[in-house]
Amino acid sequence: MHSVLVYHTISSPPQPLPGDIDIPAERFEQQLRWLSRWRRIAKLPETLRAPESDRLVAITFDDGFRDNLTVALPLLERFEMPITLFVTAGFVGREGYLSPEELREISRHPLVTIGAHGFWHRHFTRLPLLDARRELIESRRLLSHLTGTTVDFMAWPYGECDAHLEQLSEECGYRASWSVWKGNNARHSRWRVPLGCRDNMGRFIAKVSGAYFPIKFIERKLNQVRGRDESFQDTGTVGGEVASSWK
Ligand SMILES: [Zn+2]
C-alpha cells in the first residue's frame with residue numbers, strides 16, 4: 001500500500017515535545033536521502049488515484065510550524081520532494097507557527113499544497129456536530145483567504161474521526177481527509193504513518209515499508225484484550241497524534 005508520512009516540526013528542542021513530534025534537521029535529511037534512493041515520492045492526491053501496488057510515498061506536515069518553511073522546505077527542495085501542509089487555521093501567526101505572510105509564501109511554492117487541520121485543533125469526536133461543522137468550514141475559509149488558493153484536503157487533529165465526521169467532511173466540501181490510523185482508511189479517514197524523534201533509521205524504514213499498520217493492528221487487538229480504552233493513548237496535546245510505542 002502507499003505510505004503517507006506525517007511530520008510536525010523539524011527542530012531539536014532541549015526536551016522532546018509532547019507526542020515526540022520533533023525531528024532534528026540532520027535526521028530528517030537522512031530520511032529524505034533514503035526516500036530519494038528507495039521510494040517514489042508523489043503528491044498527496046496521487047495516492048488517492050494510483051493503485052496500491054505502486055507503493056507511493058507522500059509527505060505531509062501537520063499543525064503549520066514555522067520551521068516547515070525555514071528548515072524543512074530547503075531540504076525538500078534539494079531532493080525535489082512535494083509536501084502537503086495541514087495547517088491549523090487558528091494557529092497562524094502564533095509564536096513558533098507560520099505567520100500569515102509566511103503561509104502565503106509557502107503556499108505559492110510549487111512543491112507545496114495547503115490543506116486544513118481544523119480551526120483550533122480540537123478533539124472532533126468530542127465536539128457537538130454544529131461546532132465540528134463550523135471548525136471544518138471556517139478553517140477552510142480562512143486558509144483559502146490567506147493563501148488565495150482552494151483548500152480541499154483536510155487532516156483530522158489527533159487523527160480522530162468517525163463515520164459521522166467523515167460524512168460531515170464530505171458535506172463541507174473536502175475532497176479527501178486523512179486520519180492517522182483511526183477510521184476505516186476510507187475517503188475521509190485515510191491512514192498515515194506518524195514519525196517522531198524516537199524513529200531511528202531502522203524504525204523509519206520499517207514504518208515507511210508497510211510495517212506500521214500491521215503492528216498498530218496487533219497493538220489495538222492487545223489493548224482490546226486487556227480492556228484498555230485506546231483513547232487514553234492520545235497525549236491530549238497539540239500534535240501528539242498517537243502516543244504508543246509506534247506512535
Ligand atoms: Zn495536529
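Which residues in H7 are buried? In this predicted model, they are Lys 207, Val 208, Tyr 212 and Lys 216.

Just past the end of H7, Gly 227 takes a positive phi of about 75°.

Now for a helix pair. H3 (residues 67-79) packs with H4 (residues 100-107) at an angle of about 30°, and their axes are 10 Å apart. Angles under 35 degrees count as roughly parallel, so H3 and H4 are roughly parallel to each other. Here's who meets whom, helix by helix:

| Helix | Residues in the contact |
|---|---|
| H3 | Asn 68, Leu 69, Leu 73 |
| H4 | Glu 102, Glu 105, Ile 106 |

By class, that contact of H3 with H4 has three nonpolar, one polar and two charged residues.

Last stop, Thr 149, which lies in the loop between helix H5 (129-147) and strand S7 (153-155). Is Thr 149 buried or partly exposed? Thr 149 counts as partly exposed, because it has 15 C-beta neighbours inside 10 Å. Setting aside neighbours within four places in sequence, Thr 149 is in contact with Ser 107, Ile 114 and Ser 144. As for Arg 33, it is 116 residues from Thr 149 in sequence and 30 Å away in space, C-alpha to C-alpha.

How values were computed:
Residues numbered from 1 in each chain as written. Predicted model: local features only at pLDDT ≥ 70, side-chain atom pairs only at ≥ 80, totals over all residues. Axes fitted to C-alpha atoms, helices over the stretch in contact; angles between N-to-C directions. Helix = DSSP H or I, 4+ residues; strand = E, 2+ residues; numbered from the N terminus. Parallel < 35°, antiparallel > 145°, perpendicular 65-115°, else oblique. Contact = placed C-beta atoms within 7 Å. Nonpolar A, V, L, I, M, F, W, Y, C, P; charged D, E, K, R; others polar. Buried ≥ 20, exposed ≤ 12 C-beta atoms within 10 Å, placed from the backbone.
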